[in-house]
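Biologist: I would like a close look at a single part of this model. Please keep it plain.

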Amino acid sequence: MNIHALLVSRFTEALQELGVDDAPVPVARSARPEFGEYQFNGAMALAKKLQQKPRDIAQKIVELVKLNDVAAKLEIAGPGFINVHLNDEWLANQCELAVHDPRLGVAKQPSDTVVVDYSSPNLAKEMHVGHLRTTIIGDAVVKVLEFLGHKVVRQNHMGDWGTQFGMLLAHLNDKLQNNQVAETALSDLENFYREAKVRFDEEEGFADRAREYVVRLQRKDADCMALWHKFIDVSIAHSEEVYQKLNVSLTRGDVMGESAYNDDLANVVAELKAKKIAVEDQGAQVVFIPELADKEGKPAVYIIQKSGGGYLYSTTDLAAMRYRSRELEADRTLILTDARQALHFKQTEIVGRKADFMKPEQSYEHCPFGMMLGSDGRPFKTRTGGTVKLVELLDEAVERAAKLITARDTDLSQDELTDVARKVGIGAVKYADLSKNRTTDYVFNWDTMLSFEGNTAPYLQYAYTRVKSIFRKAGVTLADLPVDIQLKQPQEHALAVLLLQFEEMIGVVARDATPHILCTYLYDVASAFMSFYESCPILKAEVDPAVKNSRLALAALVASTLEQGLNLLGIETLEKM
Ligand code: ARG
């Protein structure tokens with residue numbers, strides 16, 4: 001059920017009857033319960049067009065709009081707002097439908113093909129905290145899109161090519177010559193990279209060999225490619241370990257690294273030259289972009305091939321754009337990287353569109369995010385100033401969660417404790433990130449994210465276990481209940497309205513790639529449940545059986561909404577904690 005969409009369609013019909021069919025139909029959630037649940041704000045804008053007072057227009061719309069089934073009351077407020085108070089019986093019916101539907105009443109959208117480019121670590125190094133945001137925000141967006149019925153193509157655009165591989169392969173070659181196996185040599189990629197760099201800077205002759213490897217790699221010399229494959233293989237395995245710990249859905253099959261476009265790069269440049277979009281400038285192939293000129297009117301310069309013939313990040317992204325448009329037939333392409341790459345993708349889109357690498361109706365959406373900061377407000381680093389390895393961060397989260405849970409009064413067995421600690425620890429790290437508006441920087445803080453109070457994963461996971469324990473105490477399951485929901489108390493009404501807003505909220509997440517909207521929503525659901533539970537007893541002896549069943553059904557819908565919502569965020573729920 002999408003109440004918002006329903007109201008928009010009913011108000012659209014009413015406006016058509018008024019003779020208006022091209023005006024926007026603004027329907028918003030009301031800020032305060034006394035204004036009802038939704039508000040139609042379109043009357044004011046029609047005053048000029050219809051030559052009437054906004055309140056008179058509002059009055060006409062109220063008479064025309066067909067909302068008898070949905071609304072208990074429509075009232076005109078202020079300059080011409082129409083407040084919609086939803087009808088309890090209708091809300092109750094919708095909740096009854098949702099509680100027995102595995103999709104919770106959420107309809108599928110007309111299916112788009114959506115390419116989501118996320119995670120995309122550089123394989124020369126180990127995944128570090130910089131890749132946390134793209135990986136988990138991307139995965140949440142992917143899950144929401146799939147749930148809404150879209151065809152999603154995950155693209156892990158890994159950085160698996162480039163001149164830095166010369167130095168790495170030369171170093172790997174030497175290790176293998178010394179009878180080391182690749183897995184051992186590469187067990188710590190950070191170290192491996194550091195060693196290679198030291199040799200490159202200091203060891204006589206090594207830099208030359210590294211450059212030789214670059215040439216051999218570009219020539220696709222068989223020995224060199226075998227070495228490269230080994231390196232990539234082990235490096236991908238490192239990422240997979242992180243994905244598994246993070247409960248992220250990326251697999252090897254989703255890897256479409258930069259190297260996959262190698263053979264296409266010359267074509268991309270040739271096509272841009274043929275279309276006179278790229279020109280030669282000081283030996284390089286460049287595109288001048290007047291749309292992004294500087295203050296003096298000098299166009300931005302977008303290099304697609306260096307003077308030595310080498311290709312760049314930009315060339316690969318153009319090839320990727322073309323591939324996604326033509327081969328994958330993407331209606332939308334979403335790319336999740338940190339905000340510092342915003343200009344690159346803006347330029348890439350302008351150039352790619354000029355070259356017809358995409359159809360006009362295909363969208364290209366860079367979804368930027370801010371940085372993860374330490375408590376000092378600077379980019380998150382280890383105590384000694386190094387980059388924080390993602391694996392280590394996640395292990396620490398689980399350890400901290402275990403300590404916290406042990407300190408609480410629990411009757412969990414050791415095995416249960418291990419499981420709970422993992423779900424709570426990983427959930428906390430992910431949720432802390434997902435719950436922030438992605439466009440801003442945020443401060444990483446262990447204590448807040450692991451707190452059982454406030455907008456955190458543990459709070460939501462705990463709310464879910466509360467419902468589960470009510471059902472255990474009641475000795476029933478949802479299937480045993482005759483579902484007849486009654487909404488008598490204001491807390492019941494408020495909870496029902498919220499529960500029926502699930503589809504509307506995930507629709508926003510799918511449109512804007514903003515999982516924090518879902519987080520805030522789930523937090524509101526959990527909080528509304530807590531106040532409902534306080535003022536509307538369920539299991540007390542004096543509660544009438546019909547009321548008890550109705551409240552149990554509402555509670556069941558709370559649990560399935562929390563579970564489904566957390567699931568879409570890639571966060572696991574537990575039966576008890
Ligand atoms: N490998 C890049 C990085 O770590 C991100 C790639 C994002 N995707 C893309 N199509 N450029 O910054």
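Which residues surround the ligand?

Modeller: This is a predicted model, in which local features need pLDDT of at least 70, side-chain atom pairs count only at pLDDT 80 or more, and totals for chains, interfaces and linings use all residues. Residues are numbered from 1 along each chain as its sequence is written.

Around the ligand stand Asp-117, Ser-120, Pro-121, Asn-122, His-157, Gly-159, Asp-317, Ala-320, Ile-335 and Thr-337. A residue is near a molecule or strand if its C-beta atom, placed from the backbone, lies within 6 Å of it. This shell divides into 3 nonpolar, 5 polar and 2 charged residues; Ala, Val, Leu, Ile, Met, Phe, Trp, Tyr, Cys and Pro count as nonpolar, Asp, Glu, Lys and Arg as charged, and the others, Gly among them, as polar.

At least two residues of the shell come from each of α12 (313-326) and β10 (332-338). Helices (H or I, at least four residues) and strands (E, at least two) are DSSP runs, numbered from the N terminus.

β10 also belongs to an open sheet of 4 strands, in the order β6-β5-β10-β11, with parallel pairing; two strands pair if DSSP finds at least two bridges between them. β6 (151-155) and β11 (363-369) are the edge strands, each with a single partner strand, so one side of each has no neighbour in the sheet. Between β10 and β11 the parallel pairing runs over 7 bridges, and Thr-333 stands opposite Tyr-364 in β11.
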